[in-house]
Structures are given as C-alpha cells and as structure tokens.
Amino acid sequence: MSSQYQRFLKVLEKWPVDKTKPNRDLGEQIRKHINILTNPASLTTEETSKITTKIDSLERLANNVYGKKPILAKCYSLNVGFESNPSHIPVLCAEAISYLNPGPQKIYIDMTFGAGGHCKKLLDSCKDIKVYALDRDPVAYKLAQQMSKEYEGRLTPLLGRFSDMPHLLKEQHVIRRSVDGILFDFGCSSMQFDEPERGFSVSKNGPLDMRMDCAPGMNNDQVTAADVLARADELDLVKILRIYGEEKAAKKIARAIVDTRSALHPIETTKQLADLVANCLHETPFRLDKLQRPTHVATKTFQALRIFVNNELNEVNYGMVLANDYLRPQGRLVALTFHSLEDTIVKRHLYGNVIDGLANPVPLKYCGYDVVHDEGIMQSINSILEKWPVDKTKPNRDLGEQIRKHINILTNPASLTTEETSKITTKIDSLERLANNVYGKKPILAKCYSSNVGFESNPSHIPVLCAEAISYLNPGPQKIYIDMTFGAGGHCKKLLDSCKDIKVYALDRDPVAYKLAQQMSKEYEGRLTPLLGRFSDMPHLLKEQHVIRRSVDGILFDFGCSSMQFDEPERGFSVSKNGPLDMRMDCAPGMNNDQVTAADVLARADELDLVKILRIYGEEKAAKKIARAIVDTRSALHPIETTKQLADLVANCLHETPFRLDKLQRPTHVATKTFQALRIFVNNELNEVNYGMVLANDYLRPQGRLVALTFHSLEDTIVKRHLYGNVIDGLANPVPLKYCGYDVVHDEGIMQSINSSNWKQLHRHVILPGEEEIKHNSRSRSAKLRAAVKLK
C-alpha cells in the first residue's frame with residue numbers, strides 16, 4: 001500500500017489545489033479520493049487492484065494525456081454557442097407534401113409525428129384524407145391527441161416504435177397494401193433537442209438521458225446514455241462511437257470516459273460529456289462537417305449514444321420494410337434523413353440493395369494485386385527463394401515453384417506507384433510468413449484432389465429421429481402439416497404414410513429437394529404440395545395455397561444441411577469431399593445465381609470480417625490464426641476455391657492434431673467449424689431459423705404441434721429461447737452487452753410476464769439419438785429434438 005500512496009503523492013505534486021474553483025478543481029477532487037482510498041486498515045487483493053486501476057487513471061489525467069485539464073462539474077448554466085431553433089419548423093415541408101400527392105379519400109401514415117408540422121400541413125392540403133400519426137415519444141403523442149380534436153375523425157394518434165406498427169394498425173383495422181402514402185422524418189425532433197431535461201443536445205446542459213420513449217419526469221426500464229457511459233466497458237464504448245457516430249477518435253474518447261468515471265465521477269450531464277470530448281480533441285473548438293459547416297466536436301459522440309440507446313438503425317430498417325408492406329401499388333414514400341447512416345439504409349432499400357429484409361451492409365472489401373522493380377523488394381523476394389527451393393517431385397503443387405511464378409508476374413511492370421509498391425510489400429510479408437512456416441506445416445497447393453479427408457460419409461439418406469418426430473406431431477385424419485425442410489423427404493414420407501387423410505405442404509430452398517418433392521407428390525396426389533423458397537418466403541407461398549394463419553396442426557423443422565447436400569462434392573458443403581467452395585443452399589449444381597459463394601467470401605472479405613464470421617458462426621477459438629492464414633494464402637499464392645484447399649489450410653494452421661473432439665468427445669475434422677461458419681454466413685441461416693420459429697407461432701392453431709431438429713448450438717439456442725419465451729420483438733434474445741452491474745426485479749407480475757411463453761414442451765429433457773441410431777447413421781450424432789405444443 002505504501003508504494004501506491006507514494007504514487008498518489010506524485011500525482012498531488014503535479015496538480016495542486018486551485019482555490020478559485022471550489023468543488024470544481026481536479027486537485028481538490030483527487031485529495032478527496034485519497035482520503036477514501038487510504039482509510040481502510042486492511043485491504044483485500046481485489047480492493048488493492050481497484051485502487052491501482054484508479055491511480056493509473058488519475059496519473060493519465062494529471063499528466064494531461066487528454067489535452068486540456070479536465071473540468072469537474074455537476075451542472076453548468078451556459079453552454080456551447082451553436083445554433084438552436086426556438087420554435088419547431090418542419091423541414092422541407094412543401095416538398096414532402098407535394099411528393100405525397102394528397103387527394104380525396106386517401107390514407108396516409110406519418111411515422112414520425114414529432115411536433116406535428118408535416119402532419120398538419122398534410123391534413124390542411126385536402127379535407128377528405130385520413131392520417132395515422134405514430135410517435136414513440138409520449139410528449140409528441142399528447143400533442144397528436146390535442147391536434148386530433150381539431151381534425152376530428154381524420155387524425156388518429158398512435159404511441160409506439162416502428163416495430164410496434166403492425167399490431168397498432170391491426171387494432172385500427174388497417175390492412176397491408178392499403179395505404180396511399182407514408183412519411184418518415186427520422187432522427188430527433190426539435191422538441192427533444194430544445195428540452196435540456198431530455199439530454200439530446202450538445203448545447204443545452206441537462207441529465208444524459210437520450211431516451212425517445214421517455215418524457216421528462218417519466219421513468220421506464222430502458223437504459224439511458226448515462227447508464228451506457230457508466231457500465232459499458234472500453235471496447236464496447238469504442239464500438240458504439242465508431243459504428244454509430246463514425247467517430248475517428250473513438251479509442252481516445254472511450255479511454256477518457258473510462259478514466260474519468262474510474263478516477264473521478266460518473267459522467268451524468270450533457271455538459272460534462274461535451275467538455276470531456278472537447279478536452280480530448282482540444283486542437284479546435286469545432287469541426288467542419290461534410291458540407292464545411294461548423295459543428296461541436298462532441299456532436300458525433302452524442303449521435304452515437306442516441307442511436308445506440310434508442311436502437312434507431314434497426315427501427316429505420318424495420319420502418320422501410322413496413323412501408324413496402326403497407327403501401328398499395330403506386331403508393332408514395334417520402335423519407336427525410338439527417339445523417340449518413342439513416343440515409344444509407346433508406347437509399348439501399350429504395351435501390352433494392354436488400355438481403356432478407358435488411359439493407360445490405362457495407363460490401364466486403366475486394367483485394368487487388370500489382371507489383372514492382374524496387375531493389376529492396378527484390379532483395380526480400382530473393383531471401384524468400386533461398387528458404388524455399390523448388391521440389392520437382394511435386395509438379396504444380398510445390399510452394400517454391402508457385403512463388404517463382406508470382407515473382408515473374410510481380411517484376412514485369414516498368415514503373416510502379418507508391419500504392420502499388422505498398423501492395424507488393426504486403427504480399428512479400430505474406431510470402432515470408434508462409435516460407436517461415438508460421439502456420440505449422442508447409443501449405444499444400446492444389447486446384448483439385450482425388451483423395452479426401454478420412455471421416456465418415458453416408459451413402460444414402462436416413463432421416464434423423466424419424467419415429468420420435470412423427471410421434472410428437474401426432475398425425476390424425478383431416479390434419480394439415482408443414483414440413484419446413486423437405487430435404488430428401490424421409491420425414492415427410494413417414495408422416496404421409498402414418499395417416500391417409502392428412503395433407504402436407506413441403507417447403508425447401510434447394511431446387512434439387514423441390515424436384516424430389518414434385519416427384520413424390522405424384523405418389524401422394526392431392527396430399528403433398530411442394531413449395532420452393534426460404535422460411536422468409538413462406539407467408540406469400542402459403543397465401544397462394546389459401547392457407548390462413550392459426551390453421552395448421554403441426555410444423556416440422558429439420559435444420560442445417562441435408563444429406564444430399566453433404567454427399568454432392570459439387571455443392572461444396574462437406575469437409576470430406578473435394579469440390580468447389582460453393583455452399584449455396586438455393587443453387588443446385590450447374591445453376592448460377594447472384595448469391596455470394598463461400599469462395600467469394602474467402603477471396604474478398606478482409607481479415608477482421610473473416611475473424612468475425614469464424615468466431616460468431618463457427619464458435620472457432622482459432623479464428624484469428626485461420627483468418628490470417630487465409631489472407632496470406634490468397635495474397636501471396638492463390639485464392640482458396642476448393643473444399644480440399646480450405647480443409648488442408650485449416651489443418652496446417654491447427655497441426656497439433658488431425659482431429660478435434662466435440663462436446664460429446666467424438667472425433668471431428670479440425671476444419672468442421674470453419675465450414676459451418678461459412679455455410680451459415682452464406683445462407684443467412686440463423687436469421688432464417690429465427691423467422692421460421694416466428695412463423696410456427698403464427699400459423700399453428702392452438703394445441704398445434706411443433707417439432708424441431710437442430711444440429712449445432714447456435715440453432716438450438718434460437719429454438720430453445722423461442723420455446724421458453726425469451727424473445728424480444730420477434731427475435732431470440734441475443735447475448736446482452738456486458739455491464740458492470742444489473743438491476744434486480746422483485747415484482748411478481750413483471751417476473752411472470754418475462755417468463756411467460758406460448759409454448760409447452762412435450763418432454764422434460766431434450767431428445768437425443770440412441771447409440772443404435774448413431775451406429776447406423778453417424779450424422780445423427782449431433783441431433784437434438786425439441787417438441788412443443790402451442791398454448792393459445
């Protein structure tokens with residue numbers, strides 16, 4: 001403790017008390033902390049560790065790491081001198097109303113009522129129109145209620161988010177494809193910026209709230225901006241600032257926030273946050289935006305926190321989906337955006353750059369190669385050649401031979417730019433890592449291999465846990481079932497044979513499976529209806545078949561790949577069969593569509609994206625090492641285009657053992673998780689699983705049966721959370737952001753609502769295949785069966 005106390009004294013020497021700033025001086029604040037920390041007679045190891053962390057933070061502050069001396073304050077009377085509007089003026093109002101094209105008997109939705117400027121102008125433009133006005137802000141909702149008295153019968157106020165819109169409109173008997181125009185005015189309203197108590201404005205001091213759903217004086221369970229700054233760890237703060245605020249100095253600001261809350265006090269007011277960011281970025285009191293207009297340096301930080309706290313980008317995306325859903329043909333959409341993140345989502349929806357209802361994220365970065373005549377670079381190349389001579393016993397497969405081919409390509413250009421030279425240097429770095437055997441074994445080069453990894457393969461399709469699945473579906477006369485994953489038709493055939501009077505709709509996204517279903521439908525004429533599409537295509541496919549919601553008696557899911565897909569090398573799913581790295585479930589061999597293949601991902605994704613894909617979708621602990629090896633191989637040698645190349649590369653990286661043991665202590669190839677990750681990413685499988693569970697709840701009648709077969713923990717977690725009712729806005733509850741502390745709820749009603757579920761499981765424990773089934777069908781070993789009945 002004495003050494004820590006000496007460090008405190010050094011901090012005090014650097015920062016004497018300034019008596020002209022009572023209760024605001026850092027020197028005074030530091031001394032208060034010293035009295036608190038040095039009073040205990042004895043300290044535990046944990047307490048000593050916390051004090052050490054606090055001293056580190058104090059030293060950074062005392063050494064003026066963040067530019068200017070931090071200012072301590074709980075409240076300030078005045079504020080940064082940037083513009084504020086005393087009254088609400090709707091933006092581009094005339095243009096917006098003009099594009100909405102108001103007319104008699106038309107129906108409009110104002111998705112962001114705010115202070116009602118656009119809505120009032122729309123209602124005044126034509127006396128016979130009707131407007132539904134939505135806002136998540138209770139203050140705006142009250143304004144809308146007041147305005148509705150002026151426009152009696154023509155204005156209907158609605159309180160909620162965009163994601164609440166379907167059930168709100170259902171209560172108003174507004175059906176899909178019936179609305180003539182929808183208006184969005186994204187971002188904060190002027191009212192929210194002008195009220196200091198709301199905490200949105202960088203120029204008005206108040207508590208750091210930023211909740212759009214919570215009016216001043218109200219209290220709800222939503223996290224505030226102050227909560228985020230007090231609890232999120234440094235890495236989470238960096239992500240929030242960088243992603244939602246596009247803040248280049250995210251690391252510096254996040255570090256300053258963590259140091260300030262650790263060493264001094266939590267950041268609880270807008271002025272404290274604005275001053276802290278200004279101290280970090282002290283070079284200038286303001287920044288120029290993209291249109292060269294001055295803005296406060298903390299503007300991006302405030303934007304990031306607001307977007308995160310209110311989940312704005314997901315709401316914007318969902319709003320655009322709803323607009324497409326509720327607008328009639330020739331209906332009008334007008335969207336006002338105020339920053340590039342909102343505008344990008346809107347623009348991509350309007351241009352059709354959408355994948356499964358989500359605006360297509362920033363495309364993966366593509367690589368390009370060129371190279372040089374630089375003397376230093378040539379010396380580096382020659383040193384690599386010395387380490388790796390040509391092995392003539394491996395024609396077209398030897399790394400030394402491959403490197404020499406690349407040198408001939410790289411040294412041809414007569415002149416090179418600085419950028420091209422930089423690219424060559426990167427390529428040489430990759431070659432050196434390979435030549436120095438960084439990844440364990442020498443990489444094997446091959447375009448095609450005849451031999452395969454020695455793990456099991458099944459010559460024919462055997463449906464997994466078939467008897468158990470059919471038993472839980474409880475087939476009976478006149479019942480209707482949906483097989484959501486037809487595959488080779490094993491479960492479906494068994495279901496049809498179990499009772500002669502049932503009808504089955506068989507869905508699959510794979511054209512090969514769809515053809516098999518068409519052939520089988522001839523055997524069961526009038527009882528089997530094949531459908532081609534994903535789970536997310538199911539509503540319109542069932543609508544075409546006149547199947548209504550809450551009318552189906554049973555739904556069967558058999559998630560993951562079918563045996564047919566694993567057994568066809570041309571599909572690229574199997575680690576044990578060589579073929580092109582395709583992995584598209586929607587594309588049969590020989591077909592061509594615009595969907596990205598696994599080979600495309602490995603050729604174009606940058607290293608960080610590859611790490612995320614492998615870690616999130618494959619739960620691969622060695623994700624960084626494998627991603628680095630992929631990038632080096634494609635940069636220095638060739639793109640990875642076959643399953644054998646990828647399996648060998650991963651095996652070379654993880655060369656300690658030729659296989660791993662899974663959770664049940666069974667041997668699997670070391671590349672299995674990598675293949676799983678790519679397959680899930682390419683086919684957007686987890687979103688489809690989640691949507692399938694939502695549809696099951698939607699289409700099953702009360703007391704209808706659900707049977708779900710899963711083959712890895714990611715699928716099973718989604719199914720399990722839906723069955724247990726752990727669902728938020730139709731999504732299986734994701735792993736929450738890591739916080740330091742959590743609130744405890746003791747209210748019985750709240751706990752019951754959290755734990756309520758619309759499902760009752762038909763078995764106590766998850767059902768696994770028996771030893772006999774695993775012996776005859778080794779692919780069943782990972783299967784888990786969950787069966788449930790819908791309660792209401």
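1. Gln303 is buried in this predicted model. Its relative accessible area is 14%, and a residue counts as buried when that value is under 20%. Gln303 is found in helix H13, which covers residues 299-310. Which residues is Gln303 in contact with, leaving aside its neighbours within four places in sequence? They are Tyr244, Gly245, His339 and Leu341.

2. S1 runs parallel to S2, and 4 bridges join the two. Here Ile107 has Lys130 in S2 as its bridge partner. S1 is also joined to strand S4 (residues 179-185), by 3 bridges, and these strands run parallel too. In this case the bridge partner of Asp110 is Leu183 in S4.

3. Is S2 largely enclosed or left open by the rest of the structure? Of its 6 residues, 5 are buried, so S2 is largely enclosed.

4. Another open sheet is formed by 7 strands, in the order S12-S11-S10-S13-S16-S20-S19, with mixed pairing. Its edge strands are strand S12 (528-532) and strand S19 (759-761), each of which pairs on one side only. Neighbouring strands in this sheet are turned by 20 degrees against each other on average, direction ignored.

5. S19 pairs with strand S20 (residues 784-790) in the antiparallel sense, over 3 bridges. Trp759 stands opposite Lys790, which is in S20. Helix H30 (residues 713-723) packs on the sheet and touches S16, S19 and S20. The direction of H30 makes about 20 degrees with that of S20.

6. Helix H20 (residues 490-498) also belongs in the description of the 7-strand sheet. H20 lies across strand S10 (480-483), strand S11 (503-508), S12, strand S13 (552-558) and strand S16 (700-710). H20 runs at about 175 degrees to S11.

7. At what angle do the axes of helix H25 (residues 607-618) and helix H28 (residues 672-683) cross? They come within 8 Å and cross at roughly 100 degrees. That makes H25 roughly perpendicular to H28. On the H25 side, the residues in this contact are Ile613, Leu614, Tyr617 and Gly618. On the H28 side, they are Lys673, Thr674, Gln676, Ala677, Ile680 and Phe681. By class, the contact has 6 nonpolar, 3 polar and 1 charged residues.

8. Side chains of opposite charge can pair when their charged atoms come close. How many salt bridges does a search of the whole structure find? The search finds 26. One of them joins Arg198 and Asp137, whose closest N and O atoms are 3.1 Å apart. Arg198 lies in the loop between helix H8 (190-194) and helix H9 (225-231), while Asp137 lies in the loop between strand S2 (130-135) and helix H6 (138-150), so the pair ties together parts that are 61 residues apart in sequence. Arg198 and Asp137 are both buried.

9. Lys644 forms a salt bridge with Asp648, the closest N and O atoms being 3.0 Å apart. Both residues lie in helix H27 (residues 643-653), where they are 4 residues apart, about one turn of the helix. Lys644 and Asp648 are both buried. Asp209 forms a salt bridge with Arg211, and here the closest N and O atoms are 2.7 Å apart. Asp209 is buried, as is Arg211.

10. Salt bridges can also form a network. Arg136, Arg161 and Asp213 are linked in this way.

Methods
Residues are numbered from 1 along each chain as its sequence is written. This is a predicted model: local features need pLDDT of at least 70, side-chain atom pairs count only at pLDDT 80 or more; totals for chains, interfaces and linings use all residues. Side-chain values use heavy atoms; hydrogens and water are left out. A salt bridge is a side-chain nitrogen of Lys or Arg within 4 Å of a carboxyl oxygen of Asp or Glu. Buried means under 20% relative accessible area, exposed over 50%, partly exposed in between (1.4 Å probe, protein chains only). Axes are lines fitted to C-alpha atoms, for helices over the stretch in contact, and angles run from 0 to 180 degrees between N-to-C directions. Angles under 35 degrees count as roughly parallel, over 145 as roughly antiparallel, 65 to 115 as roughly perpendicular and the rest as oblique. Contact means heavy atoms within 4.5 Å. Ala, Val, Leu, Ile, Met, Phe, Trp, Tyr, Cys and Pro count as nonpolar, Asp, Glu, Lys and Arg as charged, and the others, Gly among them, as polar. Two strands pair if DSSP finds at least two bridges between them.
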